[in-house]
Amino acid sequence: MPPLGDLERAIMDALWAAPEPMTAREVQDALAERDLATTTVLTVLGRLERKGLLARAKDGRAHRYRPTASREDHIAELMRDVLDAAPDRGAALASFLGSVPPDDRSTLRDLLD
């Protein structure tokens with residue numbers, strides 16, 4: 001899965017933070033500080049849908065968009081993709097674990113037990 005671009009990430013962040021699926025207008029309003037055109041938001045929503053990151057449902061004349069997976073599931077998928085691309089998975093894991101702060105190491109230990 002390719003990493004998200006800046007605008008794609010901002011739109012996904014807005015959708016992950018929302019308690020309900022959002023229309024393009026609601027996404028645009030959530031990102032008001034960016035001063036985005038509605039067509040830009042719709043283009044990026046369509047791109048994210050084609051990538052399988054969003055699902056849409058008809059709601060009157062508009063569509064409502066929702067993430068197909070949680071933010072945590074998305075991050076885990078990216079991590080798996082990176083590990084799968086490593087020629088030496090063990091070395092990549094060792095390097096990663098060497099850079100993990102002590103608090104996160106404790107969390108990892110707890111999760112592995």
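Q: Which residues does leucine 54 touch, not counting residues up to four places away in sequence?
A: Leucine 54 touches Met12, Leu15, Leu45, Leu48, Glu49, Tyr65, Arg66, Pro67 and Thr68. Contact means heavy atoms within 4.5 Å. The model is predicted: local features need pLDDT of at least 70, side-chain atom pairs count only at pLDDT 80 or more, and totals for chains, interfaces and linings use all residues. Numbering starts from 1 along each chain as its sequence is written, and side-chain values use heavy atoms, leaving out hydrogens and water.

Q: Why is glutamine 28 called buried?
A: Its relative accessible area is 12%. Buried means under 20% (exposed is over 50%, partly exposed in between; 1.4 Å probe, protein chains only). The 12% of glutamine 28 is under 20%, so the residue is buried.

Q: Which residues does glutamine 28 touch, not counting residues up to four places away in sequence?
A: They are Leu36, Ala37, Thr38 and Val41. The side chain of glutamine 28 also reaches the backbone oxygen of leucine 36 at 2.6 Å.

Q: How do you know that the span of H3 agrees with its number of residues?
A: The expected span is 1.5 Å times one less than the number of residues. For the 13 residues of H3 that gives 18 Å, and its end C-alpha atoms are 18 Å apart, so the two agree.

Q: Which residues of H3 are buried?
A: Val41, Val44, Leu45, Gly46 and Leu48 are. Their cover includes H1, H2, strand E1 (54-59) and strand E2 (62-67).

Technical notes:
Polar contact = N/O pair within 3.5 Å; in protein donor to acceptor, adjacent residues only side chain to side chain. Helix = DSSP H or I, 4+ residues; strand = E, 2+ residues; numbered from the N terminus.
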